[in-house]
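Hello,

Here is the structure for you to look at. My notes on it follow below.

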Amino acid sequence: MIDPQALQAVCLDFNGASEEFPFPGHPDVSTFKVGGKIFALTTLTDTPLTVSLKCDPELAQRLRAAHPEVVPGYHLNKRHWNTVSLDGDLPDRLVLDMIEDSYDLVVASLPRAQRLLLDWPGERRA
């Protein structure tokens with residue numbers, strides 16, 4: 001089961017990732033960003049722990065249909081974001097893959113120069 005410290009460590013392990021607390025009215029809401037864009041959003045003190053992740057719209061629907069722990073993004077664009085409950089019912093590998101997919105979707109939307117600086121596998125120098 002992924003706990004708050006593991007979630008934070010996984011998100012910060014990506015190239016160029018940073019953690020910010022941008023909501024003054026909600027100082028416990030943690031955002032993980034790359035290139036200034038959010039790829040994961042959570043409140044690390046919540047029980048159960050949840051994380052909102054960017055997702056391809058078709059995959060988002062399939063994940064929601066297959067797993068009750070995956071729901072449309074809370075206070076986010078429901079088409080592109082899922083909120084995932086990390087209560088232990090989902091396999092850790094699936095959660096880690098969803099976090100990586102979210103990071104990859106955000107990095108893919110960055111300008112090429114930024115992608116190259118991140119040494120992102122989807123954009124390696126020839």
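**Pocket, cavity and sheet**

The largest pocket has a lining of 14 residues, and Val 29, Leu 41, Thr 43, Tyr 74 and His 75 lie nearest its centre. On a 1 Å grid over the protein atoms alone, a pocket is an open set of points with protein on both sides within 12 Å along at least five of seven lines, a cavity is a set where a 1.4 Å probe fits but cannot get out, and lining residues have an atom within 4 Å of a point. Two or more lining residues of this pocket come from each of β3 (37-43) and β4 (50-54); strands here are DSSP runs (E, at least two residues), numbered from the N terminus.

This is a predicted model, in which local features need pLDDT of at least 70 and side-chain atom pairs count only at pLDDT 80 or more, while totals for chains, interfaces and linings use all residues. Residues are numbered from 1 along each chain as its sequence is written, and side-chain values use heavy atoms, without hydrogens and water.

β3 gives the most to the pocket lining, with 4 residues. The space in the largest pocket is about 350 Å³, a volume being the space filled by probe spheres set on the points, which are joined across faces, edges and corners.

The largest cavity holds about 40 Å³. Among the residues that line the largest cavity are Met 1, Ile 2 and Val 95.

An open antiparallel sheet has 6 strands in the order β1-β2-β3-β4-β6-β5; two strands pair if DSSP finds at least two bridges between them. β1 (18-20) and β5 (70-72) are at the edges with a single partner strand each, so one side of each has no neighbour in the sheet. Strand β2 (residues 29-34) pairs with β3 over 6 bridges.

Regards
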